[in-house]
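Please look at the sequence and the model below before reading on.

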Amino acid sequence: MDMFDLSLIWALIIGFGIIMYVVMDGFDRGLGILYPFAPDEESRDVMMNSVAPVWDGNETWLVLGGAGLLGAFPLVYSVFLPALYIGVFLMLAGLIFRGIAFEFRFKSHRNRRWWNRAFCWGSAVAAFAQGAVVGAYIQGFNVEGFVYVGGALDWLTPFTVMTGLGLMCGYALLGATWLILKSEGHVQEWAYRITPVLLAAVLVVFAAVSLWTPFVNPDVWARWFNNIQLIWVLPALALACAIWLWSSVRRRSDGQPFVATLGIFIFTYLGLVASKWPVIVPPDHTIWDAASAPESQLFLLIGMLFVIPIVLTYTAWTYWVFRGKVKVGEGYH
Amino acid sequence: MELDPLLLSRLQFAFVVSFHAIFPVFTIGLASYIALLNGLFYKTENPAWDRLALFWTKVFAVVFGMGVVSGIVMSFQFGTNWSNFSYASANFLGPILSYEVVTAFFLEAAFLGVLLFGRGKVPQGVHLFAAIMVAIGTFISSFWILSANSWMHTPAGVELIDGRFHVTSWIAAIFNPSFWYRFVHMGMASFLTGGFVVAGVSAWFLLRGRDVDANRKALSMCLWLLLVLAPAQAVVGDFHGLNTLEYQPTKVAAMEGNWETRGNVPLLLFALPDQEAQTNRFELGIPSLASVILKHDPAGVIPGISEVAPEEQPPVAIVFWAFRIMVGIGFLMIGVAIAGVILRKRGTLYTNPLFLKSLVGMIAMPFVAVLAGWVVTEAGRAPWLVYGMMTHAEGLTPSLTGGMALFTLIGYVAVYAVVFWAGIYYLTRVVRNGMLPEDEQKEVQGEVERPKRPLSASHTPFDDAEPARS
């Protein structure tokens, strides 16, 4: 397989899957985090109805990513999961409760409060765990040879707590701007009001993470500061998106806040990738070290190239079918 | 007491996978049944088939949804607790397990939505096609999973280089020596499970005199199916056993409770295997019958457990008893199917309360049998994770401590207890609600539905409305 760099192709596929998952499952998780703060039960109905048709499809990217990692980059799979053992459990428990809450809340009357709580806590815990994973990735792992040798809670440091809280704020922002897009009346007005607050929180955390990261990891420091590079374009674009978000909320634009938030996420994500590339299991292992055998990568690639367009088409179709505003009292029970 | 991460991880995997397995085992059989019902309606236009199809599709939706939720955990278990194994076997298992996920998604994206929500919105033929594709899809999914599992029992088509398996032949690895036996045995187990659940629920309705026509039809066809499948499963299981004798003789020895290599091995009905003393403390058996079954010769020599050193032996008592539970339930199933024929001849099949009540009682039995069967094959492989090539201890995550494993074991038990309670509670409500009256059956077709969420195909409320709010 000299003609193609299969590891590179797989890195692109997995990288694409991760950002798809982060933004798509991010806004529905954000709504879960915002759930207790919603003005009334009516708005909660609107919030849940706005994501009900799509959340299940959003999570397919997580499972696809997990399985794809085992197939294409087993080292990532066999280092990240042991290192993040407790965090992975918390994330899965959160996702399970959230998924069940989605289904049963609509069908419940007396028990609705409990499903509300399950939805909120499940979303919050899963979001925090994923943010901590990002932080742990920046920190790097205690790896000897190809085996994780660190402790159970190495991943839990002040730095990862901050990235965890940061991602919770980020998801909440994504959720709020999604709600602006999908709602109207007093629900939308509430979403407009909280968006600048969330944006401020996100900017504070992102700034703190950006300043802190070079000190947590010297390689990242070198990447950013040794010589001024093109890499600085990415945070600049993220900041530009933040300004765009702020002004579009002031103008009470419907769709632009969500698009701007997507921009913040995508450019921050690219910035993170650029800080580490091509290292995939920090501190030392690159995508080529972490790869499975070429024949295995190729065997799996054939199936993926077949199924990814179908999943994308189906996803796009679902979003298209359920486009437009969710009205109060509308939707289904 | 020192907490053993190996034992706790094995317990955790057994718990998580058993919990998960309950759902697909049922949905595989049920998907084919739903396709059959849709096909019968398409051909005969008898509305009874349509009502049955709609009712069982609702049940299918809930069970499928529970299976998906519990399945997410499975895809992470290999990495969290068995990272050395994952890393070593990723070249083969990675693509195979990914293909399972790919199949499931393709199925969900393309056909599940049409089956669950397309009724009345797409032409009837298209709906039938979707039902058939979902049924086929469940088999393709189990194909990949059972291929991966069989490979761990009878590894083939790989080469171990520097501690990692490299695939030398995909065909040899995927269709490894025990694959077809396991696939057929498991497929039939799914059909038996689906058959007994449908028969039991139909009997429950008949006992209450609800929807008598449709439920009689369902019960009748189930019992014909079971009459063929239950004995056939015994034959297939026997072939599977012979295959195991060839590749994993120690497992068969444990199943038979046979410690020494010898001829004229009795078929033990009851025994108390004592692993420390390397013998059975008490035996009650039929002379030479095990030799006859396994070697077709009363004098046939069967390898004993003591062929391998004590530290390489599986836990004999567990394997021995799990095997007896599975086989015992198998014979019970055959008995019930035969009783059905006798009552049919007498014309009291739909009215004999004792028989109907036993059918209701049988609902849980196939699940017990399937789980017992999995205990036999998985515990019987111990201490090997990949038979003859990698032990459980070698495959374990090196950084895992007993405390971590205990924490997540308790955590998964707690999470699944809540999920299982909610799911089973809801499922019983769906079943109790029963079928729609014929006139409402038509109205369902007009509703606007949301795709992609299996559970929303059922409209049963989770609880009773609050008096003040309703």
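## Chain A: contacts and burial

In this predicted model, contacts in chain A between residues at least 6 apart in sequence can be sorted by their separation: 77% of them join residues at least 24 apart. Of the 333 residues in chain A, 54% are buried.

## Chain A: make-up and overall form

Twelve helices and four strands are found in chain A. The chain is as compact as a globular protein of its length, because its radius of gyration of 20 Å is close to the 20 Å that the globule rule gives for 333 residues. Taken along the principal axes, the C-alpha trace of chain A spans about 55 × 40 × 40 Å.

## Helix α1 of chain A

Helix α1 of chain A covers residues 6-34. At G26(A), α1(A) bends by about 35 degrees.

## Chain B: make-up and overall form

Chain B has 15 helices and six strands. For 470 residues, a compact globule would have a radius of gyration near 23 Å, and the 24 Å of chain B agrees with this. The C-alpha atoms of chain B fill a box of roughly 70 × 55 × 50 Å along the principal axes.

Buried residues account for 51% of the 470 residues in chain B. Among contacts in chain B between residues at least 6 apart in sequence, 75% are between residues at least 24 apart.

## Two hairpins in chain B

Strands β1 (residues 158-161) and β2 (residues 164-167) of chain B pair in the antiparallel sense, over four bridges. In this pairing, I161(B) stands opposite R164(B) of β2(B). The two strands β1(B) and β2(B) form a hairpin with two residues between them. One residue in the turn, D162(B), has a positive phi of about 50 degrees.

Strands β3 (residues 267-274) and β4 (residues 279-286) of chain B are also paired in the antiparallel sense, over six bridges. L268(B) has G285(B) in β4(B) as its bridge partner. Between β3(B) and β4(B), which form a hairpin, there are four residues. In that turn, Q278(B) has a positive phi of about 55 degrees.

Conventions. Residues numbered from 1 in each chain as written. Chains lettered and ligands numbered in written order. Predicted model: local features only at pLDDT ≥ 70, side-chain atom pairs only at ≥ 80, totals over all residues. Expected span 1.5 Å × (residues − 1). Bend = angle between axes of the 7 residues up to and from the residue. Rg over C-alpha atoms; globule rule 2.2 N^0.38 Å. Buried ≥ 20, exposed ≤ 12 C-beta atoms within 10 Å, placed from the backbone. Contact = placed C-beta atoms within 7 Å. Pairing = 2+ DSSP bridges.
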